[in-house]
Structure formats: structure tokens, C-alpha cells
Amino acid sequence: MDTNAERNQRYRELHKDDPEYKARIKANARKHYLKYQERMKADSSRRQRDRRASYREQVIKKFSNGSMSCAKCGENRPYVLTVDHIHGGGKRHRKDIFSVTKNYTQVYSWLLKNGSLEDYQILCMNCQWEKRYKNKEYN
């Protein structure tokens with residue numbers, strides 16, 4: 001005996017080129033979206049926030065060798081930790097790679113895939129600003 005999912009799949013395959021079927025599916029999807037629009041937006045925002053937080057945590061773990069702390073002073077509050085370009089030039093690097101976006105989820109994702117431990121480190125904001133000042137990394 002067929003399950004509902006199998007029957008639905010056969011029906012969709014049989015009617016996939018039918019314009020009336022397509023219009024009905026589109027109308028139902030629109031009606032569903034309008035009915036649950038606010039909840040869907042809130043869920044999407046929550047998922048994006050959670051994904052960004054997860055990527056950020058993974059980046060901090062990767063570039064701090066799992067210690068989740070500043071490489072200089074040992075500060076371990078996650079909200080003050082930042083990714084630092086060891087050799088400077090972070091602003092230029094971000095502009096070259098991410099010329100269009102300021103979406104930090106994409107930056108974190110890129111760092112997880114392409115960032116090497118020799119080029120990046122985790123610093124707290126105080127150590128980051130101190131390094132920028134001492135090395136004259138203003139731009």
C-alpha cells in the first residue's frame with residue numbers, strides 16, 4: 001500500500017507541467033506566507049542570529065586554538081573577543097574579499113574555510129586597539 005508521501009510525489013510528477021496546478025500551488029504558497037508572515041520573519045531572524053553566533057564561536061575556537069581567549073592578555077569574555085590580522089591590513093583585506101557585503105556571517109564562514117592560523121589571531125578589543133596604535137594600523 002502506498003503512503004501519502006508516495007501518492008503526493010506521483011501526483012506532483014504527473015501534474016508538474018499543468019499551468020492550473022502551478023497556479024494553484026503558487027496561490028496556496030502565497031496564502032500560507034501571508035497567514036504566517038510575521039512568525040516566518042521572526043523565525044528567519046532567529047535562525048540567522050543563531051547561525052552567526054555559531055559561526056563566530058567556531059571562528060574564535062579555531063583561531064584561539066580552542067582556548068576561547070585573547071592571545072595576549074587571556075581575556076575570555078566572548079563578547080569582547082575579535083579576529084585580528086596578525087600582519088595588519090584587515091580593513092583592506094575585508095574590502096578586497098567582501099567589497100559588497102557587511103554580512104559578518106559570510107566573513108565568519110570565509111574564515112572557517114580559508115583562514116590560516118598563521119594569518120589570524122583572537123584578541124580582545126583592548127589588545128586589538130593597543131596593537132593598532134603601536135603598529136600604526138589606522139587604515
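User: Before I look at this model, what is a salt bridge, and how many does the structure hold?

Analyst: A salt bridge is a side-chain nitrogen of Lys or Arg within 4 Å of a carboxyl oxygen of Asp or Glu. The general idea is that side chains of opposite charge can pair when their charged atoms come close. In this structure, which is a predicted model, there are 7 salt bridges.

User: Which residue forms a salt bridge with Lys16, and are the two partners buried or exposed, or something in between?

Analyst: Lys16 pairs with Glu13, and the closest N and O atoms of the two are 3.6 Å apart. For the second part you need the cut-offs, since buried means under 20% relative accessible area and exposed means over 50%, with partly exposed in between. Lys16 has a relative accessible area of 44%, so Lys16 is partly exposed, and Glu13, also at 44%, is therefore partly exposed as well.

User: Where do Asp50 and Arg46 lie, and how should I read their pairing?

Analyst: Both residues belong to helix H3, where they are 4 residues apart, about one turn of the helix, and their side chains meet in a salt bridge with an N to O distance of 3.7 Å. Asp50 is partly exposed because its relative accessible area is 44%, and Arg46 is partly exposed because its value is 37%.

User: Which salt bridge links distant parts of the chain?

Analyst: One that does so is the salt bridge of Lys131 with Asp84, whose closest N and O atoms are 3.1 Å apart. Lys131 sits in helix H6 (residues 125-134) while Asp84 sits in strand S1, and the two are 47 residues apart. Both Lys131 and Asp84 are buried. Elsewhere, salt bridges that share partners join Asp43, Arg46 and Asp50 into one network.

User: How do I describe helices H2 and H3 where their axes cross?

Analyst: Two packed helices are described by the angle between their axes and the distance between the axes. Here the axes of helix H2 (residues 19-35) and helix H3 (residues 37-63) come within 4 Å and cross at roughly 75 degrees. Angles of 65 to 115 degrees count as roughly perpendicular, so H2 is roughly perpendicular to H3. Helix H2 contributes Tyr33, Leu34 and Lys35 to the contact, and helix H3 contributes Gln37, Met40 and Lys41. Sorted by kind, the residues of this contact of H2 with H3 are 3 nonpolar, 1 polar and 2 charged.

User: Turning to strand S1, is Thr82 buried or exposed, and which residues does Thr82 touch?

Analyst: Thr82, which lies in strand S1 (residues 81-85), has a relative accessibility of 19% and therefore counts as buried. Leaving aside residues up to four places away in sequence, Thr82 touches Gln121, Ile122, Leu123, Cys124, Met125 and Gln128. With Gln128 there is also a polar contact, made between the two side chains at 2.9 Å.

User: Where is Lys134, and is Lys134 buried or exposed?

Analyst: Lys134 has its place in helix H6, and Lys134 is exposed because its relative accessible area is 57%. The side chain of Lys134 makes a polar contact with the side chain of Glu130 at 2.8 Å.

Conventions. Residues numbered from 1 in each chain as written. Predicted model: local features only at pLDDT ≥ 70, side-chain atom pairs only at ≥ 80, totals over all residues. Heavy atoms only, no water. Buried < 20%, exposed > 50% of the residue type's maximum accessible area, 1.4 Å probe, protein only. Polar contact = N/O pair within 3.5 Å; in protein donor to acceptor, adjacent residues only side chain to side chain. Contact = heavy atoms within 4.5 Å. Axes fitted to C-alpha atoms, helices over the stretch in contact; angles between N-to-C directions. Parallel < 35°, antiparallel > 145°, perpendicular 65-115°, else oblique. Nonpolar A, V, L, I, M, F, W, Y, C, P; charged D, E, K, R; others polar.
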